[in-house]
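Thank you for making the time this morning. I would like to walk you slowly through one model, so please have the sequence and the picture open as I talk.

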Amino acid sequence: MTNAEQGLPTENQWDLLVEYGQWLDQGFHALWMESDDQAELARLLRVDPGSRLECDLKTVFETYEGLPEKAIWMGQHAPGWTHTFAFGMYSYHPAIRNLGKRRVFEIYFSGEIGEGLEPLYLNYDGEQIGDITPPLVEGGPMDLPDYLPYTAGLELDNKGTPWDVHLFFCMMGRITGRFADRAWWTSTRTFYRIPDGAWED
């Protein structure tokens, strides 16, 4: 087992989401995409290039008009990885299925008044391969057992959504080599709108 597979962030990932995420604690849709080519990812997501805006997350929430508008806020996460917050889409949306032959990990939380937190899904080339949600007990069964080494010390243990989101972000930190920290949350990334009709869903 490598250090990356058993590392832990310095701060609770849910607490940072609450502190910096504006209203993301009420629901969010996050994607970790295995690519450094943000221009290609934006094209595959069918963004409006003319809507491009370099901004922080606070500006996103001042700019995004809300449902039914679709939009993304994307930027480098770690070498080989791009992170995106998606707005106006749902889990396994056609846009996500269009991202090609790369791993795309997806966390979708529709809020406590919605369907709640979905499993931590892995998508690849238009297919939802399965989920890598940590087991309830250490070494317990997983949908995709190849990812079991990343789950050490991250047992769900029925502690509720904030704990589960923390563990999901920890999983992604271990897989990608970077946890979400304060610099991650306060970074400048690229906001794009996705035109009406770009995805008929």
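Predicted model: local features only at pLDDT ≥ 70, side-chain atom pairs only at ≥ 80, totals over all residues.

**Backbone, pocket and salt bridges**

Let me begin with Asp-125, which is partly exposed at a relative accessible area of 37%, where buried means under 20% relative accessible area, exposed means over 50%, and partly exposed lies in between, with a 1.4 Å probe and protein chains only. Residues are numbered from 1 along each chain as its sequence is written, and side-chain values use heavy atoms, with hydrogens and water left out.

Coming back to Asp-125, its phi is positive, about 50°, although the residue is not a glycine. Asp-125 sits in the loop between strand 6 (121–124) and strand 7 (127–131); helices (H or I, at least four residues) and strands (E, at least two) are DSSP runs, numbered from the N terminus. Gln-22 also has a positive phi, near 55°, and is likewise a residue other than glycine. Its place is the loop between helix 2 (13–20) and strand 1 (28–33), and Gln-22 is partly exposed, with a relative accessible area of 38%.

As background, most residues other than glycine have a negative phi, and most peptide bonds are trans. Which form, cis or trans, does the bond from Leu-67 to Pro-68 take? That peptide bond is cis, with omega near 5°, and Pro-68 belongs to the loop between helix 4 (57–63) and strand 3 (70–78).

Strand 1, strand 4 (81–87) and strand 5 (103–109) each give at least two residues to the lining. That lining has 11 nonpolar, 6 polar and no charged residues.

Finally, the structure holds 9 salt bridges, a salt bridge being a side-chain nitrogen of Lys or Arg within 4 Å of a carboxyl oxygen of Asp or Glu. In one of them, the side chains of Glu-19 and Arg-182 meet at 2.9 Å, N to O. This pair links distant parts of the chain, with Glu-19 in helix 2 and Arg-182 in helix 7 (residues 182–185), 163 residues apart. Glu-19 is partly exposed at 46%, and Arg-182 also counts as partly exposed at 32%.

Another salt bridge joins Glu-65 to Arg-193, with the closest N and O atoms 3.7 Å apart. Glu-65 lies in the loop between helix 4 and strand 3, and Arg-193 in strand 8 (residues 189–194), so the pair ties together parts that are 128 residues apart in sequence. Glu-65 counts as exposed, at 64% relative accessibility, whereas Arg-193 is partly exposed at 24%. To close, salt bridges that share partners join Glu-11, Glu-19 and Arg-182 into one network.

Terms used. Nonpolar A, V, L, I, M, F, W, Y, C, P; charged D, E, K, R; others polar.
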